[in-house]
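Here are my notes on the model, as numbered points. Please read them with the structure open.

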Amino acid sequence: MSFSGKVKEELAVVISHSRHCQIAELAALRFYSGEADDRELALQTENETVRRKYFTLLKKTFNIDNALSDGEKEQVFAALLGPSLLQKSCCKRAYLRGAFLAAGSVSDPEKSYHLEIVCQTEKRADEIRELLRSFEIEAKQVVRKNHYVVYLKEGSQIVDTLNVIGAHLALMDFENSRILKDMRNSVNRRVNCETANIGKTVTASVKQTEDIELVMKSGIYKELPETLRSIADARLKHPNVSLKELGELLDPPVGKSGVNHRLRKLSEIAEGIRGNRTGGAYYDEERSGDPA
Ligand SMILES: [Zn+2]
């Protein structure tokens, strides 16, 4: 069964205790099923679950069955259209439940987040949005094939709606799959992030090795201070260790920022050899400071 089907199965057996709520739900079931504005009580729905609930409520609230006299129909419609229908918060919930049963659907949270109620008229759609707004749920609206579709796309708002209409089991299912999805996403994000960092370290090390080899080949190497030569040697011997580990291999050990500083100097010298002026300037300065 679809997730939507499960939600409706659950809602079908939720019967409000108060008569006012039962009437509110009846009204929504009636007005959100098919072409709904004539004075017929019969529901235009293919959904057997919805039909069963409608007649259960009809029997409970008015103690009447399918075959009604005109007088009884009038009595029922007077109640369904009554001015106090949607005054209480409990009745608003019941009404939204009825509307969802009659015209709503919600997609499987494993696949996507989407809940909608398809309305025949703009007035009905506005009414649903207004009711949802009273529970701080902001729904959107779109016209699709001459129908006014009220919909939600945000996981948290769908959870709130399931809560309002009393689909508590479905709500837990929804939350579980949402938590699993979030966990999978955060694990994926971390893996991607770690892979990116490893990539960065490898790229930096390859560049450093190239720079050091260039400096060594140029003959400048033997004129460099001991601090730079030792880090150059260490990097060539250990191309894959982190800067921190590289510093620990030196005698005496050097901190990460010290290692970084020395490797950057080597890279500047290499840039100088390649013809970059900044690096050249650095090298000349070092030499001019050399007493030899
Ligand atoms: Zn009520």
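1. Start with the cover over helix α8. Its buried residues are covered by elements that include α1 (3–12), α7 (155–165), α9 (226–237) and α11 (256–274). The buried residues of α8 are A170, L171, F174, Q208, D211, I212 and V215. Buried means 20 or more other C-beta atoms within 10 Å of the residue's own; exposed means 12 or fewer, partly exposed is in between, and C-beta atoms are placed from the backbone. Helices (H or I, at least four residues) and strands (E, at least two) are DSSP runs, numbered from the N terminus.

2. A word on the basis. This is a predicted model: local features need pLDDT of at least 70, side-chain atom pairs count only at pLDDT 80 or more, and totals for chains, interfaces and linings use all residues. Residue numbers run from 1 along each chain as its sequence is written.

3. α8 spans residues 168–217, 50 residues in all. From first C-alpha to last it reaches 73 Å, close to the 74 Å expected at 1.5 Å a residue. That expected span is 1.5 Å times one less than the number of residues. G219 follows α8 and has a positive phi, near 85°.

4. Now the domains. The protein chain is assigned domain 1 (3–166) and domain 2 (194–288); such bounds come from an automatic or database domain assignment. Their C-alpha centres are 71 Å apart.

5. The largest nonpolar core has 48 residues. A24, A28, L29, Y95 and A99 touch the most other members. Helix α5 gives the largest share of this core, nine residues. Another core lies apart from it, with 13 residues, including A232, A234, L246 and V259. A nonpolar core here is a set of buried Ala, Val, Leu, Ile, Met, Phe, Trp, Tyr and Cys residues joined through C-beta atoms within 7 Å.

6. S84 sits in the loop between α4 (70–80) and α5 (89–103). Is S84 buried or exposed? It is exposed, because 11 other C-beta atoms lie within 10 Å. S84 and H20 are 64 residues apart in sequence, but 8.7 Å apart in space, C-alpha to C-alpha.

7. Last, the strands. β4 (residues 147–152) pairs antiparallel with β2 (residues 115–119) over five bridges. L115 has L152 of β4 as its bridge partner. Strand β3 (residues 140–144) also runs antiparallel to β4, joined by five bridges. Pairing requires at least two DSSP bridges between two strands. β3 and β4 form a hairpin with two residues between them, and K145 in the turn has a positive phi of about 45°.

Key. Two residues are in contact if their C-beta atoms, placed from the backbone, lie within 7 Å.
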